[in-house]
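Here are my notes on the model, written so that you can follow them with the structure open beside you. Please take the points in order and find each part on the screen as you read.

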Amino acid sequence: MNTATFSLATLAPAVPEIVLLAAACAILVADLFVADRDKALTHWLAVGTLAGTAALCAATLGNPTGVTFQGMFVADHFSQVLKVAILGSVAATLVYSRPWLESKGLLRGEFISLSLFATLGMMVMVSANHFLTLYLGLELLALSLYALVALQRDSVAATEAAMKYFVLGALASGMLLYGLSMLYGATGSLELTRVAQSIAYSQANPTLAAMGLVFVVAGLAFKLGAVPFHMWVPDVYQGAYTPAALFIGAAPKIAAFAFVIRLLAQGLDGLSADWGLMLAILSAASLLVGNVVAIAQTNFKRMLAYSTISHMGFLLLGILAGTDNGYSSAMFYVITYALMTLAAFGMLLLLSRAGFDCENLEDFKGLNQRSKWWAFVMLVVMFSLAGIPPAVGFLGKLAVLQAALEAGWTALVVFAVLMSVIGAFYYLRVVKLMYMDEPVREISVEPRGDSRVLLSANALAVLALGIVPGPLMDLCARAVAASL
Amino acid sequence: MASMTLSLAIWVPIVFGVAVLALGNDRNPAPARWTALAGSILGLLVCVPLWTGFDLTTGGMQFTELRPWIERFNVNYHLGVDGIAMPLILLNSFMTVLVVIAHWEVVTEKVSQYLAAFLVMSGLINGTFAALDAILFYVFFEAMLIPMFLIIGVWGGPNRVYAAVKFFLYTLLGSLLMLASFIYLYWQTNGSFEILDFHKVPLGFTAQVLVFLAMFMSFAVKVPMWPVHTWLPDAHVEAPTGGSVILAAITLKIGGYGFLRFSLPIAPDAAHALSGFIIAISLVAVVYIGLVALVQSDMKKLIAYSSISHMGFVTLGFFLFSADGVLGGMIQMISHGFISAAMFLCVGVLYDRVHSRQIADYGGVANTMPVFAAFFVLFAMANSGLPATSGFIGEFLVVLAAVKVNFWVALLAATTLIFGAAYTLWMVKRVLYGEVANANVAALKDVNARELVFLVLLAVAVIGMGVYPKPFSEVLNPTIQQLLAHVAESKLQ
């Protein structure tokens with residue numbers, strides 16, 4: 001090993017992470033000296049840090065792959081693109097959340113620094129090239145999120161959600177770790193590239209590797225929220241206060257996708273016949289349960305939770321194709337999905353005010369009569385989630401469906417298509433409430449300029465990406481081709 | 001040849017639609033109204049070169065435009081029209097003008113959104129007819145659902161939400177299966193979404209049947225064919241007049257167009273094998289739905305069922321695989337566009353005054369509205385297929401083609417001439433003639449200048465096409481010949 005040649009220069013690929021860590025620690029300390037009424041300062045420092053880190057990641061996009069920490073950490077095209085997406089999502093989350101958090105007195109250093117540490121965890125996951133780095137990133141993310149949800153101490157629902165999230169998340173981590181240990185036993189290595197080699201040269205014990213794979217997939221399914229490991233998703237989405245739910249709903253999905261790709265596509269590529277079938281079952285079950293159960297929901301956040309489950313079913317369709325085409329399609333899907341989720345939760349936060357949380361479907365009634373623009377924004381987001389062109393959701397679905405069909409999953413594709421008709425119903429219902437019903441209460445839209453502008457831009461991006469998807473699609477295709 | 005005509009036909013209405021939305025002011029709708037009128041007329045004017053510059057000697061694509069769109073999937077912004085698509089684009093742009101004129105004093109709520117929805121939809125429909133790339137087609141085809149959903153759901157009648165959701169989900173189910181078949185064909189053609197490449201790709205029989213059925217689901221719902229027609233009466237009855245006009249005159253035609261553009265050329269062997277089945281359900285539509293129309297008490301519902309019955313004629317004509325049959329079907333589609341629009345507008349004229357669509361609430365209208373009655377009778381006659389109106393030619397050609405195939409099919413098809421006359425004229429009799437039925441009817445005022453404009457325009461179209469159909473047939477014929485030659489060749493290897 002090359003431990004002897006360590007120098008600071010070898011850390012270059014991890015510069016964005018190091019910067020983020022240093023800045024997060026600095027903000028943590030600096031926050032102690034910021035008065036409660038000036039917490040906006042901390043907020044903007046965090047947003048600036050995220051933007052700066054994203055710029056650092058974007059700056060290395062053109063560079064070849066860099067590996068550091070003796071092969072445990074890799075910065076390649078794939079990771080840098082996803083990191084930019086994650087950082088952007090978190091920054092948008094913070095901006096959308098500020099008015100709500102301020103009104104509840106929750107805009108404190110804790111929320112902001114936990115967000116930053118969770119982000120760091122996601123970045124480490126995305127760049128991991130080693131079972132331990134993967135796990136390290138995952139736990140940093142998960143522990144920050146548990147605390148993030150529990151931050152609203154005086155809310156019974158949030159505490160319960162945090163508890164559930166923690167217990168089930170810990171169980172999933174345990175399964176994952178158990179599976180990884182079996183894979184280590186089977187292949188004799190923790191490093192993804194070596195694990196892949198060992199399987200490719202048939203040096204691995206196939207029974208043990210397959211056993212390990214089962215546990216790993218179960219753990220991954222927990223993290224993604226795929227059926228039958230989805231129970232925590234609706235409870236956490238509904239129980240957690242909206243900014244926390246928004247945080248969980250957007251960026252970690254991107255990280256979880258990267259996690260799945262690193263583990264399955266990179267490390268266990270040789271077992272793709274096995275995990276392909278497992279993912280197919282998970283995907284079909286998620287599509288069924290997610291779409292059907294969402295219809296029965298009256299709480300908007302809970303509905304979005306089931307919607308997430310069904311979208312994870314679609315995401316898996318792309319991954320289980322097991323081809324570069326499939327991975328890049330899934331990558332496009334997850335990035336655009338995060339964009340749509342941000343906008344959907346952003347609307348919830350926009351309509352919430354001091355003393356009132358917009359959570360129920362009813363709260364959207366008659367929105368068009370109060371504000372045509374925000375009704376239109378929500379319309380775009382809902383049709384995009386439903387996969388109706390010209391919004392980008394359609395192209396994401398098209399991409400994963402064509403990849404799955406190429407790989408020969410015809411029946412599954414037809415099933416997915418039928419399920420998305422069912423899914424269209426509950427998105428349509430939101431549009432119906434906004435445009436065709438009378439308002440039941442006063443709806444007023446009065447949060448700050450920054451979140452309004454960003455939310456409008458977000459919705460327009462959903463529309464614009466549907467019309468001009470080329471650059472993002474190419475970026476995903478190049479990232480996958482260059483890195484996997 | 002680089003031409004912008006089709007792009008203009010698509011984007012002019014959409015841009016104006018967005019402008020109308022931006023001008024939206026519910027207290028003073030006048031600017032929105034005039035902008036919409038200007039946009040719809042301009043939208044029609046930019047389509048005129050399609051007619052004047054049309055090359056009658058070829059059945060191929062004209063006015064083509066080709067730009068890459070999504071390069072990763074080889075999806076192109078590829079537009080072009082042949083003799084089948086071009087008249088439908090003109091029909092649509094023409095109808096949009098009528099719809100804008102027709103809404104004027106009638107729609108008073110959320111006017112700018114109403115007009116914007118129609119203009120945007122007009123552009124999207126033109127895109128559907130002009131698209132030569134399957135994904136582009138699909139995008140226009142599906143995006144069209146959004147404004148239509150809002151039009152029915154926001155400005156419709158009491159049961160509008162149910163109708164809107166039913167309309168949306170029915171159509172979505174069909175079109176998603178069609179999307180799956182597009183993706184399948186994409187892999188069969190080694191990565192091309194060009195519709196013309198789909199035409200050429202050889203397919204096994206089973207594959208053809210599956211592709212045919214997937215597309216059939218989509219187009220049959222759109223046409224609509226029995227037994228997937230049930231969304232139509234609901235949607236029509238609850239839609240505002242303009243919505244009914246566009247729905248009946250244009251969006252139903254997309255189903256018929258889809259058969260000619262996709263189903264027949266892509267899966268010719270399956271189309272031949274399944275033609276008996278399609279002819280059978282077309283005849284069910286013609287006969288059974290004709291009988292259903294007879295017992296309707298709601299005028300709009302009656303016309304809706306009459307539409308289904310007439311569209312049954314269209315699909316019947318297409319699946320006879322003869323030049324007369326396909327030509328008859330196409331003429332029937334265009335003519336039905338004029339006639340159904342006229343019928344719905346006539347009902348709209350009555351509804352705006354009395355606020356009832358029930359036949360029983362009328363009687364003796366001819367006494368108080370003589371001018372209107374004259375137009376209504378004319379359109380009713382056209383709807384029953386009277387010679388010298390456009391309704392006659394299509395039905396005649398289809399029956400003629402059917403006789404050559406099978407006498408009994410022709411006989412059953414010809415019953416529509418009886419049923420069509422029965423339900424239409426009986427309705428006219430009950431609404432227009434007899435004693436003045438009640439105070440509402442007695443207080444009726446005859447049509448005003450604005451209403452006269454669209455009634456006259458449609459009357460000219462209906463009679464003109466009935467007396468001199470040659471401009472239509474000479475546009476349609478080369479394309480139909482080419483299409484039939486293509487369909488006659490087996491794709492099996």
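1. Please keep in mind throughout that the model is a predicted one.

2. Turning to the place where the chains meet, 25 residues of chain A are in contact with 29 residues of chain B. On the chain A side, the elements that give two or more residues are α16 (372-386), α17 (392-406), α18 (410-436) and α20 (470-483), and of these α18(A) gives the most, with eleven residues. When the residues on this side of chain A are divided by kind, 18 are nonpolar, three are polar and four are charged.

3. In chain B, please look at B:Gly255, which is found in helix α12 (residues 241-266). Is B:Gly255 buried or exposed? Since a residue is buried if 20 or more other C-beta atoms lie within 10 Å of its own, and B:Gly255 has 23 C-beta neighbours inside 10 Å, B:Gly255 counts as buried.

4. Leaving aside neighbours within four places in sequence, B:Gly255 is in contact with B:Phe219, B:Ala220, B:Lys222, B:Val223 and B:Pro224. B:Phe216, for its part, is 39 residues apart from B:Gly255 in sequence, while the two are 9.0 Å apart in space, C-alpha to C-alpha.

Note on methods: Residues numbered from 1 in each chain as written. Chains lettered and ligands numbered in written order. Predicted model: local features only at pLDDT ≥ 70, side-chain atom pairs only at ≥ 80, totals over all residues. Contact = placed C-beta atoms within 7 Å. Helix = DSSP H or I, 4+ residues; strand = E, 2+ residues; numbered from the N terminus. Nonpolar A, V, L, I, M, F, W, Y, C, P; charged D, E, K, R; others polar. Buried ≥ 20, exposed ≤ 12 C-beta atoms within 10 Å, placed from the backbone.
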